[in-house]
Every structure is written in C-alpha cells, then in structure tokens.
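Subject: Structure handover

Hello,

Here is the structure I promised to pass on. Please open it alongside these notes, which follow below.

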Amino acid sequence: MRLSHLAYGGDYNPEQWPEAVWEEDVRLMQEAGVNLVSLGIFAWAKLEPRPGEYDFAWLDRVMELLHAGGIAVDLATATASPPPWLSHQYPESLPVTADGVQLWPGGRQHYCPSSTAYRAAAQRLVRKLAERYRDHPALVLWHIGNEYACHVSECFCDESARAFRNWLKKRYGSLDALNAAWGTAFWSQQYSDWEEILPPRKAPTYPNPGQQLDWRRFSSDALLECFDLERSILREITPAIPATTNFLTNFKPLNCWTWAAHEDIVSLDSYPDPADPLAHIDAALNYDLARSLKGGQSWLLMEQAPSQVNWRAQNLVKRPGQMRLWSHQAVARGAEGVLFFQWRASRAGVEKFHSGMVPHAGAGSRTWREVVALGRELRKIDAVLSTQVQADVAILIDWESWWALELDSKPSQAVRLLDQVRSYYEPLYRRNITVDFVAPDADLSSYRLALVPNLYLVRDQTARTLEHFVTSGGIVVMSFFSGIVNEFEHIRLGGYPAPFCNLLGLRITEFAPYALDQQNVIITDAGQHFPCTLWSDVIDLEGAEALAQYGDDWYANRPALTRHRVGRGEAYYLGTRPNEAGMDWLLNRACQAASVEPAAIVPTGVEAVLRQTADTRLLYLLNHGATAATIALGAPCTDLLTDRRHIDSLTLESQAVAVLSS
Ligand code: GAL
C-alpha cells in the first residue's frame with residue numbers, strides 16, 4: 001500500500017447516511033488522523049439497484065471527498081451481501097444447510113459459494129468497479145468480499161453437489177481412486193457412478209469421514225474460487241493495486257495457509273471480549289498467526305470494535321484505555337495498521353448498538369476522544385513500519401489436520417485443536433517468548449524449537465521435515481494423538497504415531513482417553529507432580545528416555561513425557577495433557593534446551609514484544625495487569641509515545657503502553 005504512516009481508519013458505509021453527513025465525516029476523519037477507510041463493503045444494492053443497472057455517481061462523490069481530504073481507500077468489491085434482486089431472480093443462488101433447509105435473504109452472505117448466478121453477478125460488478133476506479137488516486141487496496149465463510153461456510157444444494165463432484169474428479173481422476181481414498185468398502189458405500197456422490201448431507205448416522213474431510217477441503221476451495229474470480233479481474237485491470245480479504249480469528253472453515261498465498265496482504269478482524277480477562281492472550285495468538293500467514297510480512301488489523309459489539313449476549317464496553325492497549329498489541333505483533341468496524345455507528349439495522357469511531361453521541365464522547373488520541377499517537381511510531389517481529393519458536397498448525405481431528409467418531413470428542421494449541425501458546429506468552437505459526441511443510445531452518453500440538457493427520461513430507469529439523473539441531477515437542485492418519489484419514493499402521501516412531505524413539509500400542517472428570521498425575525524426573533487430564537498414551541520406549549511418568553491407574557510408572565536425542569537435536573513427546581503449571585515446566589525445559597530467550601524479563605501481566613531490523617530495536621511493553629508494573633531496563637531507552645528517556649527502569653500504569661527505542 002502507498003501509505004506513509006501506519007494505517008488508521010475503519011469501515012466506512014456512507015450509503016447509510018445523507019450526503020450532508022459525508023463532509024462532516026471527512027472533517028472528523030482528518031481530526032482523528034484517519035488515513036485509510038474500507039469503503040462500500042455492503043453497498044452492492046446501492047451500486048446496482050436493479051440487475052445490470054449501475055449507479056456509481058454517489059461513490060464517485062465519496063471517493064472525491066475522501067481523496068480531497070487526504071484519505072486513502074481500501075475499496076470493497078461489495079460482493080459479500082447480494083441485493084434482494086439476485087435471489088429473487090435466481091432462487092437457486094441461496095444456500096442450503098446439511099438438513100436441506102434453504103437460508104433466505106434478509107440478513108447477509110446469503111449465497112451459495114458454487115452458485116453460477118452469484119459468481120457471474122459478482123464478477124460483473126467487480127469489473128465495473130475496477131474499470132471505473134482503476135486510475136483513482138485514492139485507491140490503494142482492494143477489499144475482496146468480506147469475512148468469507150463467516151455465516152455460510154458450506155452449501156449442500158444440488159449446484160454445490162455438482163461442483164463437489166467436479167472437484168473430486170480433478171482430485172482422484174477415477175472412481176476407483178475415490179472409493180479407495182474414502183474407504184467405501186466399509187458399510188457398503190462403494191460408488192459405481194459419479195452422479196451417486198453427494199455432499200455429506202444429514203444422514204442417519206456418521207457420514208463417511210473421507211467424504212467429510214474432502215467436503216471441508218472443497219468448501220474452503222469453493223469460496224477461494226469466488227475470491228480468485230474477483231482477484232483475477234482486479235489483477236487484469238489494476239495490476240499495481242494489492243488485494244486482501246479479512247479473515248476471522250480462530251477460524252476453522254478456511255484453510256488460511258492456502259488462502260493467504262492468494263492475497264497480497266493478510267488482514268484480520270479481531271473482537272476480543274472485554275468480559276474475558278484473558279482475551280488479550282487469544283488476541284496475541286491470532287495476531288501471531290496473521291503475521292505468520294505470509295511468512296512474517298506485516299498485516300492489517302482490518303476490524304476491531306472501538307468499544308462494544310452488538311452480537312454477544314451481553315456486550316461490554318472497552319474500559320478507558322483498553323481500546324488503545326489492544327490496538328497497540330496488534331502493532332506490537334506485526335500489524336501495519338489499525339482499523340475499526342465501523343467509522344460511524346449506524347442508526348438503523350441490526351448493528352445499531354455496535355460501537356463506532358463516531359458514536360451516536362458524536363464527537364462529545366469518550367470513545368471519540370480515545371479514537372482521536374490513538375490516531376495522533378500512532379503517527380509517533382512510524383518507525384515500527386520498517387521493523388519485523390522475529391521468533392525462535394514455531395507452532396505447527398495444519399487446517400486439514402484440524403478438520404480431520406474434529407470430525408465425529410474419535411476416541412475423545414474433547415480433544416480440540418485450538419485448546420491444545422493454546423495449552424502451548426499461553427505459557428510461552430506469559431514468558432514473553434514470541435512464537436510464529438508454520439504450515440506443515442514450512443522450512444523450519446530459522447527456528448530453534450518447533451511445537452507440534454496434536455498433528456493428527458500427517459503427510460510423509462511433514463514427517464521428513466520434522467526429522468530433518470531435529471537431526472540438524474532443532475528441538476521438537478509433540479503431543480499425543482499425532483501422526484495417526486494419512487491425508488485420506490486412513491490409519492497409519494504399525495503402532496502409533498507410525499511416521500514419528502523413529503524420531504521419537506517410542507511406540508504406542510494403546511491410548512486411553514479420559515472421562516471428562518477423570519484426572520491422573522505425572523511425576524517428573526525431578527519429583528514434581530502435575531495433574532493431567534484428557535488422555536494417556538501407553539508408551540513403550542524404543543530409544544527415548546522418560547522425563548515424567550504417570551502416577552496412577554493401570555499404566556502408573558509408564559512414561560508420560562519422553563525425550564529422544566537424534567542427530568544434533570532432541571524430540572520430546574507428551575502423552576497427556578498436564579495442567580498449565582505442567583505445560584509451563586515442560587516448555588521452559590524445551591526453551592532452555594533450545595536456548596530460546598524471552599523478548600524481555602518483565603513483571604507478570606506485562607506483554608513484551610520486540611520489533612527489529614539489523615540496526616533498530618523497538619521493545620513494545622503492554623501492561624494488561626490491574627496494577628502498575630515497574631520494568632528494569634538493561635540500557636537507557638526513549639519511549640517513542642511520550643518522548644521520555646528512561647535510564648534504569650520504567651513504571652507502566654495498568655493498561656499503559658510503551659514503545660522503547662534503545
Ligand atoms: C464483522 C463484519 C462487520 C461487522 C462486524 C461487527 O464480522 O465483518 O461487517 O458485522 O463484524 O462486529
């Protein structure tokens with residue numbers, strides 16, 4: 001993007017307001033330091049009020065006003081919410097659920113991702129928009145769709161069924177290959193004609209897992225095709241303008257590794273709940289993931305709430321200072337801009353109680369004052385734009401494995417990928433050890449420690465990558481129920497986890513999932529006791545050593561945590577889920593083995609992240625705690641936000657932020 005400062009702004013929906021308000025909007029945007037708005041995300045009906053009849057005159061005026069005010073535009077392709085005429089004219093474009101229920105218009109995102117009518121109409125609109133604004137000086141970014149899959153991530157209609165069959169034909173080439181991949185010899189499911197194949201619609205009992213897993217892949221790809229159809233028009237007409245689409249946090253339906261490769265810039269919408277005292281930890285995880293999706297490239301916080309949202313049961317406001325703190329957190333973790341949903345709080349529609357940068361009360365409000373203060377303050381830290389966040393630790397996450405792990409009929413439905421990822425992430429967060437996320441086939445050579453929580457589905461290549469990483473000196477920590485199936489969800493035979501037995505120096509012949517209220521304990525080689533829950537692997541050592549053992553039950557004294565030295569590295573395996581203290585103990589041990597250091601040593605509740613280049617080093621400090629914290633400094637520093645010099649130490653009030661340059 002051609003912006004000289006950190007991006008600051010929000011979703012701008014001028015179509016909801018009379019033109020008289022627009023000039024005030026631009027004046028207020030200038031007052032707040034807004035330099036980028038996402039324009040017209042839900043304006044399709046206004047831009048094309050009747051099929052093929054376009055009205056761009058109002059958008060021309062908005063674009064001109066913004067440009068004259070020095071505000072750049074992230075122009076939406078406006079295809080996230082089709083106008084009523086589309087489904088009226090093409091009822092088959094409406095999505096259908098697994099139980100055969102058609103979803104009606106009246107909300108938003110009411111389209112079947114495979115609908116040819118929807119796709120054709122969306123492409124027509126995008127071409128018109130791109131042709132009209134191709135040379136507009138305000139245009140710096142394309143905003144394709146909006147939160148793909150947020151409400152409708154899959155559609156089970158007949159048109160989707162046809163598209164699924166075509167996708168399967170490309171993937172398998174022959175019915176024999178598909179029958180083998182889906183294991184259709186089980187329960188008399190063998191297909192003799194492609195036309196017999198359907199989406200996994202509501203069935204009397206669990207549908208075929210191969211079919212379900214491919215359905216997830218197909219559903220992510222079907223939406224990606226919608227994105228790509230728009231992207232290719234934009235690339236043809238405006239090759240120099242980058243494009244993005246905004247992801248959601250903790251979002252399972254889209255394979256974000258695949259998607260991010262099709263975007264120029266990753267952007268993310270993040271709505272941490274002010275009612276949750278640990279919301280900032282989950283936000284940090286998602287910001288690290290957003291940064292990792294394009295290998296460390298900076299990303300955009302495309303949406304956050306200035307204060308409360310409207311869609312929780314109780315919508316708490318952000319307390320004074322909290323919006324500022326949470327905005328800086330995104331920048332600390334690699335964002336090159338902070339934007340909000342939305343600029344001006346709506347006065348009608350379901351989101352009228354969602355906060356806006358300009359609240360219903362207008363400029364005489366706390367939210368507005370905080371919005372203005374943040375906009376001004378961000379101008380002081382443009383130095384972050386040239387820096388990067390670096391991590392020595394990688395957490396491996398694979399969407400296909402996530403999907404497969406959480407299909408039905410598993411040993412325990414309580415094993416959920418994000419819970420497991422968080423059990424690794426949180427102790428590291430509390431120790432201020434920065435983490436990247438990596439795809440299963442990523443190059444790990446820049447990391448010292450790779451964490452592999454529940455990689456249930458694994459391809460041979462991933463197993464080789466991890467083995468190579470360890471033999472070259474890396475440290476791996478893997479947990480239970482990893483390496484269980486191949487990409488078709490077929491068991492890898494010969495003892496679990498078959499592809500990793502050599503690397504880990506062990507073999508598992510049985511695993512014992514727990515009842516929800518069941519507990520055991522692990523006893524470490526130094527005699528500490530940590531309660532554990534969820535699961536126990538019954539481990540036979542084949543070269544590894546036990547670092548902890550189970551305390552109870554029929555597998556008491558059998559290994560619970562192991563270490564295997566291989567080549568120049570070490571592979572740890574964790575057969576259960578210890579409590580937080582146990583995970584902290586394990587990760588601390590692994591970090592020591594890998595010589596991984598925290599960004600800074602700071603009091604509890606303070607988050608520390610380094611953004612750096614070869615010659616600049618900016619230490620971000622964010623106090624999420626309820627009380628002031630004093631941080632000892634190794635060397636004198638200047639806080640870019642206050643211009644104050646700190647010699648030996650710095651005291652940060654609760655919710656305060658510092659960006660220290662040494
Ligand atoms: C997002 C969406 C916005 C708005 C916002 C409200 O999911 O992209 O359009 O609805 O939520 O929090």
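Start with Phe-247, which stands opposite Leu-268 in strand β7. This is a predicted model: local features need pLDDT of at least 70, side-chain atom pairs count only at pLDDT 80 or more, and totals for chains, interfaces and linings use all residues. Residues are numbered from 1 along each chain as its sequence is written, and side-chain values use heavy atoms, with hydrogens and water left out.

**The open sheet**

β6 and β7 (residues 267-269) pair in the parallel sense over three bridges. Strands count as paired if DSSP finds at least two bridges between them. Helices (H or I, at least four residues) and strands (E, at least two) are DSSP runs, numbered from the N terminus. Both strands belong to an open sheet of nine, ordered β5-β4-β3-β2-β1-β9-β8-β7-β6, with parallel pairing. Its edge strands are β5 (243-244) and β6 (246-248), each pairing on one side only. Helix α10 (residues 279-293) lies across β6, β7 and β8 (299-303). The helix runs at about 130 degrees to β8. That angle is between N-to-C directions, on a scale from 0 to 180 degrees, with axes fitted to C-alpha atoms, for helices over the stretch in contact. Contact means heavy atoms within 4.5 Å.

**The ligand**

Which residues are around the ligand? Among them are Phe-42, Arg-108, Asn-146, Glu-147, Asp-269, Glu-303 and His-354. The cut-off is a heavy atom within 4 Å. A polar side-chain atom of Asn-146 lies 2.9 Å from a ligand oxygen. For Glu-147, the distance from a side-chain N or O atom to a ligand oxygen is 2.3 Å. For Glu-303, the corresponding value is 2.8 Å. Taken alone, the ligand exposes 310 Å², and the protein buries 95% of that (Shrake-Rupley, 1.4 Å probe).

**Ser-160**

Ser-160 lies in helix α6 (residues 158-172). Ser-160 counts as buried because its relative accessibility is 1%. Buried means under 20% relative accessible area, with a 1.4 Å probe and protein chains only. Its side chain reaches the backbone oxygen of Cys-155 at 3.1 Å.

**Strand β28**

Four of the five residues in β28 (657-661) are buried. Strand β23 (residues 617-623) pairs with β28 in the antiparallel sense over five bridges. Leu-619 stands opposite Leu-660 in β28. Strand β25 (residues 637-639) also runs antiparallel to β28, joined by two bridges. There, Asp-639 stands opposite Leu-660.

Best wishes

Definitions and conventions: Buried means under 20% relative accessible area, exposed over 50%, partly exposed in between (1.4 Å probe, protein chains only). A polar contact is a pair of N or O atoms within 3.5 Å; within protein, one must be able to donate a hydrogen and the other to accept it, and residues adjacent in sequence count only if both atoms are side-chain atoms.
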